[in-house]
Amino acid sequence: MRKTTFNVFVVFLLVIMGASFHGMIFPQMAVGADSGDYQKWKSVGSTAAIEGVNRIAVRSMVLPFQRKWIALSNAGYAEPNGQCTIAALDGLSEKLGVSRGAQTLVEVHSAPEKPLWFAIYDAFTGFLAYLQVNPERVEWDISDASNIFSKITVENVKANYIFNNADSFAPDFGGNEFAIVTIANAVAAGVPAYVFRSLEFHDHLCPGLTSGILIGQFAKHYFRALGTGSWFVQGLQPWCKEDALMVMLNATPGKSGYGVIYSTPEERKKWAPYGDAVNIIFHYNPETKLWEGLVVGFQWASQTGCEQFSNNLVKKLCSDLYYLNYLDQPELFVKVLTTLTLKPGVHPKSLRY
């Protein structure tokens with residue numbers, strides 16, 4: 001009996017020692033992350049979340065369980081004072097319960113020199129709090145919002161409210177008005193993951209990006225029987241759509257999957273009868289070992305119901321939401337002008353247009 005007890009004690013001791021040893025070898029902080037910087041920027045995200053919630057609560061009195069939080073930020077891309085800010089996303093997630101999987105935590109692409117900002121959105125009431133970080137004061141007491149935020153504004157940005165107040169709608173979100181308003185409303189509407197990823201990468205949602213999303217959807221449906229072959233996209237008239245196609249088809253220049261030419265109207269006249277072509281979408285057929293291509297055009301809707309708005313931001317938001325209703329019907333806008341199959345051994349990147 002005593003020996004059994006001793007053996008149990010030894011096993012228990014080894015488990016404790018093993019856990020301690022594991023903690024020394026594999027600490028809680030991810031490899032490469034400085035614990036001080038991590039905690040600092042996580043605290044900045046937490047402070048933004050708390051301050052945003054408090055500011056919205058003053059403007060809209062509803063029960064806590066009714067609120068539906070969505071958080072947007074360029075944390076991880078913005079680098080105030082040359083510092084990495086991605087830990088701020090953990091602070092938002094911890095305080096608001098937002099997450100990547102639920103598509104309620106939006107990582108908005110931006111240049112590194114842009115100001116770090118947060119947008120805390122309550123999709124239930126429509127109120128959004130915008131908080132912009134003052135990089136010169138972020139080293140102070142980061143628990144005090146008056147120290148670290150150079151701008152805090154709260155506005156109702158729900159689509160229906162905006163449409164009913166189009167003439168007077170003029171939020172001040174530090175120059176990020178269009179990005180924040182369009183993304184917040186699209187995410188609140190419950191867009192699919194491929195739209196979510198595309199608008200994050202493009203840093204806003206606009207009709208131009210939506211056209212690329214529809215072209216991407218069309219291509220996926222058209223080539224669905226070919227399985228897992230590679231993609232190559234040739235942009236013939238580049239606009240915002242290219243960003244969506246890169247994201248949706250994993251077709252990037254770095255992987256020899258994307259090319260563009262900035263064609264002129266005079267050049268496009270020489271392409272007749274395919275002068276309206278905007279992209280060539282190639283897919284590799286693993287069975288025939290040949291690249292098959294679609295030359296496509298895009299036909300904008302003649303009427304979207306948005307023509308009544310003179311406010312450009314409002315008009316584009318209206319158009320965005322209109323086109324998102326047709327994600328499962330891309331053929332209404334995407335037109336196949338012709339098809340082609342390249343000769344054996346020929347890659348689309350070798351073509352000259």
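Visitor: What share of the contacts between residues at least 6 apart in sequence join residues at least 24 apart?

Guide: That share is 71%, where a contact means heavy atoms within 4.5 Å. Bear in mind that this is a predicted model: local features need pLDDT of at least 70, side-chain atom pairs count only at pLDDT 80 or more, and totals for chains, interfaces and linings use all residues. Residues are numbered from 1 along each chain as its sequence is written, and side-chain values use heavy atoms, leaving out hydrogens and water.

Visitor: How many helices and strands are there?

Guide: You'll find 11 helices and 10 strands. They're DSSP runs numbered from the N terminus: H or I over at least four residues for helices, E over at least two for strands.

Visitor: What makes Ser 198 buried or exposed?

Guide: Its relative accessible area is 0%, so Ser 198 is buried. The cut-offs are under 20% for buried and over 50% for exposed, with partly exposed in between (1.4 Å probe, protein chains only). Across the protein, buried residues make up 47% of the 353 residues. Ser 198 sits in helix α7 (residues 193–202). Beyond its neighbours within four places in sequence, its contacts are Leu 209, Ile 213, Ala 244, Val 247 and Met 248.

Visitor: Why are α7 and α8 called oblique?

Guide: Their axes, lines fitted to C-alpha atoms over the stretch in contact, with angles from 0 to 180 degrees between N-to-C directions, cross at roughly 140° and come within 11 Å. Under 35 degrees is roughly parallel, over 145 roughly antiparallel, 65 to 115 roughly perpendicular, and the rest oblique. So α7 and α8 are oblique to each other. Among the residues touching here are Ser 198 and Leu 199 of α7 and Leu 209 and Ile 213 of α8.

Visitor: And how do you know whether α8 and α11 are roughly parallel or roughly antiparallel?

Guide: The axes of α8 (residues 207–222) and α11 (residues 312–324) cross at roughly 10°, coming within 9 Å. That angle makes the pair roughly parallel, therefore. Pro 207, Thr 210 and Leu 214 of α8 meet residues of α11 including Lys 316 and Tyr 323.

Visitor: What makes the buried residues of α3 line one face?

Guide: In α3 (residues 88–96), Ala 88, Leu 89, Gly 91, Leu 92 and Leu 96 are buried. Seen down the axis, they fall within an arc of 160°, so they line one face of the helix. The arc is that of the directions from the helix axis to the C-beta atoms. After α3 comes Gly 97, with a positive phi near 80°.
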